[in-house]
Amino acid sequence: MSVHFDDLETRSEDERAASLAECLPALVAEARALPGYAGALAEVNPLTLTTREALAALPVLRKSGLVAAQSAEAPFGGYTAWEAGQFDHVFQSPGPIYDPGCVSTNWWRLGRFLHAAGIGAGDIVQNCFGYHLTPAGMMFENGARAVGAAVLPAGTGQTELQVRAARDVGVTAYAGTPDFLKVLLDRADALGMDLSRLRRAVVSGGALFPSLRQDYADRGIACLQCYATADLGNIAYESPAMEGMIVEEGVIVEIVRPGTGDPLPDGEVGEVVVTTLNPDYPLIRFATGDLSAVLPGKSPCGRTNMRIRGWMGRADQTAKIKGMFVRPEQVADLVARHPEVAKARVVAGRAGERDTMTVRLETEATDPAPFAASVAEVLKLKGTVELVAPGSLPNDGLVIEDTRSYD
């Protein structure tokens with residue numbers, strides 16, 4: 001297997017600048033013709049947008065704006081080059097927000113990440129990302145096809161069946177959230193099933209904690225992570241050098257001051273804003289709500305693109321727990337459903353290499369059971385419900401507290 005996916009990964013700074021000066025104006029010119037950008041880009045001269053720095057003059061597009069633009073008549077808000085029926089897939093993510101998808105080669109750009117992880121022809125990837133409504137399953141399947149690997153489309157749950165299938169077909173690689181691989185491995189141990197052919201793992205959708213990565217390494221499994229979203233596809237990925245995350249070749253990443261579009265100096269922590277060079281779905285200066293920082297220098301693996309430090313938290317209080325986002329507005333909805341609750345606080349924690357969620361409710365009620373169903377329905381996750389006395393939660397404005405350590 002070649003060390004690099006293609007020659008784009010080792011371009012010089014001059015080559016990258018020349019490529020950007022050519023493709024960015026073309027992308028913006030095409031985007032101007034789309035209804036979603038009619039106002040924001042109407043007065044923009046695409047020919048002036050030849051550098052990353054020039055992008056700073058354009059407005060930031062936030063997920064809330066994308067959601068607001070979507071309707072039954074325009075499921076993608078007018079931000080796509082095609083109508084919904086012309087795409088291969090239509091996905092729904094929490095929000096709800098709708099995103100398109102295509103089965104064409106490496107459409108979400110995950111192939112570069114899988115190649116960097118050493119996955120290719122002859123491998124069988126057990127894909128444990130969800131295939132229903134949300135796009136992660138198809139995203140990683142598309143990436144596996146781009147590197148010539150076979151896919152076992154496992155999805156989520158059914159642990160014993162998954163372990164048996166992994167053993168029976170000789171799975172060599174795992175794709176899924178960081179936590180679920182440990183669930184499978186522990187279940188295999190309990191069942192006495194040999195999964196020793198599984199040697200590589202590519203994960204996303206949650207934090208890969210150092211202790212968990214080491215646990216996999218002790219089992220002989222090399223585990224790397226990428227940073228991807230349903231809207232943008234792959235943004236950045238780890239290589240075996242494991243020094244930060246290398247920005248994907250098909251996107252432009254800026255680090256800006258949270259709540260603004262103002263770029264920050266390299267090294268300062270700010271919000272990740274991404275422009276994806278995908279003419280089918282050209283998101284320009286799309287704010288992810290995630291925090292990161294530019295890591296100076298080049299990767300020891302030989303890839304020359306910008307590196308970021310990886311996911312460093314949220315610019316708002318939104319937290320990803322068990323692979324799902326929990327947002328402040330969901331917590332507010334939970335309180336609104338129960339007049340007897342004065343205040344709520346969601347606490348994200350960690351136990352036994354798995355995410356935990358505790359929901360603390362200020363109320364004079366004494367039985368937590370009636371609230372559990374609302375928690376599952378509104379937050380889309382099950383968690384422990386703790387009832388606390390009125391006035392006992394801190395007066396610090398937090399409704400979501402993340403106690404997990406990312407060191």
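User: Is serine 299 buried or exposed?

Analyst: This is a predicted model, and the idea to begin with is that a residue counts as buried when its relative accessible area is under 20%. Serine 299 has a relative accessible area of 6%, and therefore it is buried.

User: Where does serine 299 lie, and which residues does it touch, not counting those up to four places away in sequence?

Analyst: Serine 299 belongs to the loop between β14 (294-295) and β15 (307-308). Leaving aside residues up to four places away in sequence, serine 299 touches Ser239, Ala241, Ile246 and Arg307. The C-alpha atom of serine 299 is also separated by 6.7 Å from that of glutamate 243, although these two residues are 56 apart along the chain.

User: How should I read glycine 111, and is it buried or exposed?

Analyst: The same cut-off applies, with buried meaning under 20% relative accessible area; glycine 111 has a value of 0%, so it is buried. Its place is in helix α3 (residues 111-116), and, not counting residues up to four places away in sequence, glycine 111 touches Phe5, Asn106, Gly143, Ala146 and Val147. By contrast, the C-alpha atoms of glycine 111 and glycine 206, which are 95 residues apart along the chain, are separated by 20 Å.

User: Which residues of helix α4 are buried, and what follows that helix?

Analyst: In α4 (residues 136-146), the buried residues are Gly137, Met139, Phe140, Glu141, Asn142, Gly143 and Ala144; one of them, Gly143, is also among the residues that glycine 111 touches. After α4 comes glycine 148, which has a positive phi near 85°. Helix α6 (residues 178-191) can be read in the same way: its buried residues include Phe180, Leu181, Leu184, Leu185 and Ala188, and just after α6, glycine 192 takes a positive phi of about 70°.

User: How do β2 and β3 pair, and what is in the turn between them?

Analyst: As a general idea, side chains in a regular strand alternate between the two faces of the sheet. Here strand β2 (residues 89-93) pairs with strand β3 (residues 97-101) in the antiparallel sense over 5 bridges, with serine 93 standing opposite isoleucine 97 in β3. The two strands form a hairpin with 3 residues between them, and glycine 95 in the turn has a positive phi of about 155°.

User: In what order do the 4 strands of the open sheet come, and which are its edge strands?

Analyst: The order is β1-β13-β12-β11, and the pairing is mixed. The edge strands, each of which pairs on one side only, are β1 (61-62) and β11 (251-256). β1 pairs in the parallel sense with strand β13 (residues 286-292) over 2 bridges, and arginine 62 stands opposite alanine 287 in β13.

User: How do these pieces fit into the whole chain, and what is its radius of gyration?

Analyst: There are 9 helices and 21 strands in the protein chain. A compact globule of 407 residues would have a radius of gyration near 22 Å, and the chain has 22 Å, so the two agree. Of the 407 residues, 50% count as buried. Among contacts between residues at least 6 apart in sequence, 63% join residues at least 24 apart. For the surface, the chain exposes about 17700 Å², of which carbon and sulfur atoms supply 53%.

Notes: Residues are numbered from 1 along each chain as its sequence is written. This is a predicted model: local features need pLDDT of at least 70, side-chain atom pairs count only at pLDDT 80 or more; totals for chains, interfaces and linings use all residues. Side-chain values use heavy atoms; hydrogens and water are left out. The radius of gyration is taken over C-alpha atoms; the globule rule is 2.2 Å times the number of residues to the power 0.38. Buried means under 20% relative accessible area, exposed over 50%, partly exposed in between (1.4 Å probe, protein chains only). Contact means heavy atoms within 4.5 Å. Accessible areas come from the Shrake-Rupley method with a 1.4 Å probe; for residues, only the protein chains shown count as cover. Two strands pair if DSSP finds at least two bridges between them.
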